[in-house]
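I opened this notebook to record, entry by entry, what I looked up in the structure.

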Amino acid sequence: MSESSRSERRRNESTGARQRAHSELNAWRRIVGILANDDARAVYARIVLGEAIDEGSTGLRSRRLGRLIADLVASGLAEERDGVLVASGEMFRAMLAAEPVQRATGIDRFLRDGRIDQYPASAAERRELLEWVVAEAFTPGEELDEPAVNARLEPFSSDVAILRRHLVDHELLERTPSGSSYAAVVR
């Protein structure tokens, strides 16, 4: 085999590998697109449940039903085994393997749906989390009574008293000299 033939073969193999990798990374788009269609989703459900899939049971015309089945098989959601359509989990496993789990970083590790799920054990990380809350909830120097402070903290925690206490303890929120209100500490 000539050097140019080997080089072209390597280039073709490399292109094929890139196309397969790109295809696997975007496989979820095709699956979501197929399952966004009500008829396709109904046919897929029948496949998953092992029910009959014909014009009479689906209410779909033969041509439409054939296209939907072809799309489900081409996407990997279904496959034919011994003349019967069955749901395949292989595509889901392949998609999960292609997309590694994204680990939360920074203060996001301590939040769930934008609310504090747990307080960091590390003092530095706890302070960073509390500074974020203050920056999001208060304007520096603004004075608020306790009910207003609680209302501002409620989106961040189910236990606003504990959160308020942490903010005061970390000198990010202070009681005014009269004790009747709170103010975010200006730094």
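**Entry: two helices in contact.** I looked up which residues join α8 and α9, and I found that Glu-146, Val-149, Asn-150 and Leu-153 in α8 meet Val-160, Leu-163, Arg-164 and Leu-167 in α9, where contact means heavy atoms within 4.5 Å. The helices here (H or I, at least four residues) and the strands (E, at least two) are DSSP runs, numbered from the N terminus. I note that this is a predicted model, in which local features need pLDDT of at least 70 and side-chain atom pairs count only at pLDDT 80 or more, while totals for chains, interfaces and linings use all residues. Residues are numbered from 1 along each chain as its sequence is written, and side-chain values use heavy atoms, with hydrogens and water left out.

**Entry: angles between helices.** I reminded myself that two packed helices are described by the angle between their axes and the distance between the axes. The axes of α8 and α9 come within 10 Å and cross at roughly 100°; the axes are lines fitted to C-alpha atoms, for helices over the stretch in contact, and angles run from 0 to 180 degrees between N-to-C directions. α8 and α9 are therefore roughly perpendicular to each other, in a scheme where angles under 35 degrees count as roughly parallel, over 145 as roughly antiparallel, 65 to 115 as roughly perpendicular and the rest as oblique.

I then turned to α7 and α9, which pack at an angle of about 105° with their axes 10 Å apart. That makes α7 roughly perpendicular to α9. The residues that meet are Arg-126, Leu-130, Val-133 and Val-134 in α7 and Leu-163, His-166 and Leu-167 in α9.

**Entry: the buried face of α9.** Which residues of α9 are buried? In this helix, residues 160-169, I listed Val-160, Leu-163, Arg-164, His-166 and Leu-167 as buried, where buried means under 20% relative accessible area, exposed over 50% and partly exposed in between (1.4 Å probe, protein chains only). Seen down the axis of α9, these buried residues fall within an arc of 160°, so they line one face of the helix; the arc is that of the directions from the helix axis to the C-beta atoms. They pack against β4 (115-116), α7 (123-137), α8 (146-153), β6 (173-175) and β7 (181-184). Just after α9, I also found that Glu-171 takes a positive phi of about 55°.

**Entry: the buried face of α2.** In helix α2 (residues 27-35) the buried residues are Ala-27, Ile-31 and Ile-34. Seen down the axis of α2, they fall within an arc of 65°, so they line one face of that helix.

**Entry: aromatic rings.** How many aromatic pairs does a search of the whole structure find? The search finds 1. The rings of Trp-132 and Phe-156 have their centres 5.4 Å apart and their planes at 90°, so the pair is edge-to-face. For this, rings of Phe, Tyr and Trp (its six-membered ring) pair if their centres lie within 6.5 Å, and planes under 30 degrees apart count as stacked, over 60 as edge-to-face and the rest as tilted. Because Trp-132 lies in helix α7 and Phe-156 in the loop between α8 and α9, the pair ties together parts that are 24 residues apart in sequence. Trp-132 counts as partly exposed at 23% relative accessibility, whereas Phe-156, at 9%, counts as buried.

**Entry: loops.** Asp-82 sits in the loop between β1 (78-81) and β2 (84-87), and has a positive phi of about 50° although it is not a glycine. At 80% relative accessibility, Asp-82 counts as exposed. Asp-113, in the loop between β3 (111-112) and β4, has a positive phi of about 55° and is not a glycine either; at 76% relative accessibility, Asp-113 counts as exposed.

**Entry: totals.** Buried residues make up 26% of its 187 residues.
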